[in-house]
Amino acid sequence: MAETAAPRRVDYDLTHKAAPYLDAHLVFPLLEFLEEHTTYQAGDVRKARLALVAKTNMVDYAIEIREELDNNNARLEGIPTVAEMEGRRDSVFATLDRLEKQTENLRNLLEDADQVDELKAEGKFTKAHLAEAHSVTANDWVDYAEFAKFLYECGDYEGARDMLDHFLAINFPDGVSDTSADSDGRGFRALWGKFASEILLKNWDAAMADLLTLRSAIDERGFPPLQALQQRSWLCHWSLFVFFNHAKGHDGIIDLFLADKYLQAIQTNCPWLLRYLTCAVVINKRRRSTLKDLVRVVSQETDLSGDPTTSFLDSLYIKFDFDEAQNTLANCETALRADYFLCNCADAFMADARLFVFETYCRIHTCIDIEMLAGKLVMDKDKAERWVVDLIRGSLLDAKVDSGANTVVMGAKQPSVYDQVVDKTRDLSQRTAALLGALEAKVCAEA
C-alpha cells in the first residue's frame, strides 16, 4: 500500500477562504507572503495579485505586474491588456484632477494644522461652524469622502487615513453607532476605510481603537440578522491583522471570537477562523481557563480535516487519542509556518501544545517511558529528556527522571484546596467587570 504524501504548506493555506471577507488591499500582504513562503507557482500568485490590483486605481502597479507576466509568456485570460490599462490610467488622472479641484478649499483648511488646532481649542472644529464661517456645504463633504476613498484605491493610505479622520471627527463627533446621525451609512463606511488604512499603515494602537468602535457600531446599528452576521464575519477577518500584531491582541481575539454573536458568525460563515482562536488560547497562558470553552466549540464542528490545530484539540481533549494527537501535532507546525498571521507564533504554539500533550498524558500514567514520550511530543529522545528536566527545574512538573530505566516517574501531588479555588475564580474579576460594563451601557441607553 502506498504511503500517504506528507501535507504541504499550500494544503493548509486559508487565503482563498479569507479573501472574500477582506478588502482587496488587505489581500496584497497575504499574496506577498505566499509568494515567498509556499510552493505556489510564482506566476500564479502574481496573476492573483494582478486580478486584485486591476480593480483598484493602482494602474501603474498593475501595468508593471502585467508586463512581468507577459515576459514570462503566462496565460492571462480575462485580464486587461497593457494598452487597456494605460487607457484606464488616463481616466484615473482625470478623476484625480476633478476631485482635487472640488475639494481644494476644504482640504487647504483641514491640512492647515495650526488653524485646525486653533479651531479645536476654541471649540469651533464643528460642521456647523465650518458651514457658517467657511461656506462648507454638504456636497463638499460628499466630495471630500469620495476623494479619501479615491486616494485609498490609489494606495495612498496615509492621505486617505488623514482625510477620513477629519471627516469622521467633524461629521460624526458622537460616532457612527446611531443611524439617525448616519442614515445613509456614509460614516459607517468611512470608519471601515479608516480601519483598513490604519492596518495597512501598521498603526496597531489606532487600528485596535477603530476595531472596538466598529464592533460597537455593528452591534448597535440594528442591522437585519443576515447583514449583521456578514458584518461580524468581515470584522473577524480584518481583526486578524490587529490581534496578531498588537501587544494585547491575543487577549482581544479570545474576547471577540468567543463572544456569542461573533462565535455564531464564525460557526455559520467561517469556521476556518477557529484556527486563530485555537492558536491564541494555546499560547496565552493567562487565559488557559478559556480552553474548556474552545474545546466545547471544537466538539460542535463536524469537519476538522482541513485544519491540524483544531484537529489536535479534538484528538487530545475529546477523543483522548494520543497517537492521532501526535500525528496532527506534526502537521501543526507546517500549517502555522504557511500562515501569514501565525508564522511568528509557530514555535510558541508547538512548545505549549507539547506541554498540553504531556500534562494530559501524565494525568493517566504514573511512569512514562521517555522514548515513547518523545514520539508523542514529536521530538527526539535526548531533546525530550532535556525538555522534561527543564520542566522539573522550573517547578512546572512534580516528577523525577530515572535515567537508568529511561522513565519519568510522576509525583502523587494532588491540587490543594487553595489551587482549586484560584482555578475556579481565575476569571471572576474580568467577568465582573464585563457584567458591570454591560449594565452601565444598558442604564445609559435607557436614560
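This is a predicted model: local features need pLDDT of at least 70, side-chain atom pairs count only at pLDDT 80 or more; totals for chains, interfaces and linings use all residues.
I'll start with the helix. H12 covers residues 225-243, which makes 19 residues. From first C-alpha to last, H12 reaches 26 Å, close to the 27 Å expected at 1.5 Å a residue.

The lining has 21 residues in total, and nearest the pocket centre lie Lys149, Arg189, Ala190, Trp192 and Gly193. If you sort the lining of this second largest pocket by class, you get 13 nonpolar, two polar and six charged residues.

Now the backbone. Most residues other than glycine have a negative phi. Two residues here go the other way.

One is lysine 202, with phi near 60 degrees, a positive value. Where does lysine 202 sit? In the loop between helix H10, residues 186-200, and helix H11, residues 204-220. Is lysine 202 buried or exposed? Its relative accessible area is 58%, over the 50% cut-off, so lysine 202 counts as exposed.

The other is phenylalanine 320, where phi is near 55 degrees, again positive in a residue other than glycine. Phenylalanine 320 is found in a loop too, between helix H17, residues 308-318, and helix H18, residues 322-337.

That's what I have on this model.

Technical notes:
Residues are numbered from 1 along each chain as its sequence is written. Side-chain values use heavy atoms; hydrogens and water are left out. Helices (H or I, at least four residues) and strands (E, at least two) are DSSP runs, numbered from the N terminus. The expected span of a helix is 1.5 Å times one less than its number of residues. Buried means under 20% relative accessible area, exposed over 50%, partly exposed in between (1.4 Å probe, protein chains only). On a 1 Å grid over the protein atoms alone, a cavity is a set of points where a 1.4 Å probe fits but cannot get out, and a pocket is an open set with protein on both sides within 12 Å along at least five of seven lines; lining residues have an atom within 4 Å of a point. Ala, Val, Leu, Ile, Met, Phe, Trp, Tyr, Cys and Pro count as nonpolar, Asp, Glu, Lys and Arg as charged, and the others, Gly among them, as polar.
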